[in-house]
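Here's a quick tour of one protein chain for someone new to reading structures.

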Amino acid sequence: MPDAARSRRLKPEQREAAILDAALEAFARSGFADARIEDIARAAKVSKGSVYLYFPTKQALFEALVQRDIGPRVEMAKEFLDSYDGPLEPALQNLADMVSTIIDSGQTPIYPRLLVAESQRLPELVDFYRREVVGVLLGALSGLFTRAMTKGEIAQDDPVMLAHLFVAPVLKALMWALVFTPTESEPFRAGPYLASHIRLFLKGLQHA
């Protein structure tokens with residue numbers, strides 16, 4: 001069946017999903033700047049015009065992919081952190097387990113690598129990811145630390161700074177997996193690393 005005829009028979013949500021899947025492959029293979037809409041359309045078996053009908057720009061494609069692939073996890077983590085009122089350590093370990101499971105399974109998303117590669121040329125992509133992913137998680141973590149300080153569980157400090165300090169090794173584990181793990185004979189394991197980070201981090205937050 002010709003691609004145009006096949007495309008007409010797809011439901012709109014199926015066509016949109018095919019375009020997003022093709023865009024993800026193109027971004028992973030060629031990078032964001034060098035990925036071409038015509039190649040994405042060909043891989044999705046739709047017309048170039050169909051791609052623009054759903055996603056007017058490549059940035060719109062990127063944003064839709066982030067919302068599809070990462071957005072649900074971010075929302076789940078935010079809901080968990082916003083509603084959590086127990087001891088600090090299990091909450092932090094829960095987050096670390098979520099991240100390390102993804103990293104250690106070899107399913108690390110390509111988006112951080114794309115952002116690093118394109119940050120100078122396309123700051124609007126970085127701004128979107130910072131706002132929709134990193135900013136949401138930092139805000140939820142800041143709230144968690146604020147509640148822990150209110151309960152007297154940890155010493156008083158700047159909750160925003162604590163959120164950044166907690167996230168820094170998480171980002172290190174993520175970037176290590178993207179940059180170095182492919183060349184290592186024995187891959188770096190994020191799980192034990194982040195567990196050690198939490199122990200040391202909480203020890204530093206104890207009252208003097």
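What follows is a short briefing, going from the whole chain down to single residues.

This is a predicted model, where local features need pLDDT of at least 70, side-chain atom pairs count only at pLDDT 80 or more, and totals for chains, interfaces and linings use all residues. Residues are numbered from 1 along each chain as its sequence is written, and side-chain values use heavy atoms, with hydrogens and water left out.

**The whole chain**

- You'll find eleven helices and zero strands here; helices (H or I, at least four residues) and strands (E, at least two) are DSSP runs, numbered from the N terminus.
- The C-alpha trace spans about 70 × 40 × 30 Å along its principal axes.
- Out of 208 residues, 38% count as buried, where buried means under 20% relative accessible area, exposed over 50%, and partly exposed in between (1.4 Å probe, protein chains only).
- Among the contacts with a separation of 6 or more, 71% are between residues 24 or more positions apart; a contact means heavy atoms within 4.5 Å.

**The nonpolar cores**

- A nonpolar core is a set of buried Ala, Val, Leu, Ile, Met, Phe, Trp, Tyr and Cys residues joined through side-chain atoms within 4.5 Å.
- The largest one has 31 residues, and Ile19, Phe27, Ile40, Leu61, Phe62, Val66 and Tyr111 touch the most other members.
- Helices H2 (12-30), H3 (37-44), H5 (58-69), H8 (111-118) and H9 each give two or more residues to this core, with the largest share, six residues, coming from H2.
- Take Leu61: leaving aside neighbours within four places in sequence, Leu61 is in contact with Ile19, Leu20, Ala23, Phe27, Ile37, Ile40, Val51 and Phe55.
- Apart from that core lies another, of 26 residues, including Ala91, Leu92, Leu138 and Leu144.

**How helices pack**

- H9 (residues 123-150) and H10 (residues 159-179) pack at an angle of about 120°, with axes 8 Å apart. Axes are lines fitted to C-alpha atoms, for helices over the stretch in contact, and angles run from 0 to 180 degrees between N-to-C directions.
- H9 and H10 are therefore oblique to each other: angles under 35 degrees count as roughly parallel, over 145 as roughly antiparallel, 65 to 115 as roughly perpendicular and the rest as oblique.
- The residues of the contact of H9 with H10 divide into ten nonpolar, three polar and no charged. Ala, Val, Leu, Ile, Met, Phe, Trp, Tyr, Cys and Pro count as nonpolar, Asp, Glu, Lys and Arg as charged, and the others, Gly among them, as polar.
- The axes of H5 and H9 come within 11 Å and cross at roughly 25°, so H5 and H9 are roughly parallel.
- Gln59, Phe62, Glu63, Val66 and Gln67 of H5 meet Glu124, Leu125, Phe128, Tyr129 and Val133 of H9; by class, that's six nonpolar, two polar and two charged residues.
- H5 also packs with H6 (residues 71-83), at about 50° and with axes 3 Å apart, which makes H5 oblique to H6.
- Here Val66, Gln67, Arg68 and Asp69 in H5 meet Gly71, Pro72 and Arg73 in H6, giving two nonpolar, two polar and three charged residues.

**A loop residue to look up**

- Thr108 sits in the loop between H7 (88-104) and H8. Is Thr108 buried or exposed? Thr108 is buried, with a relative accessible area of 17%.
- Not counting residues up to four places away in sequence, Thr108 touches Ile102, Ile103, Leu174, Ala177 and Leu178.
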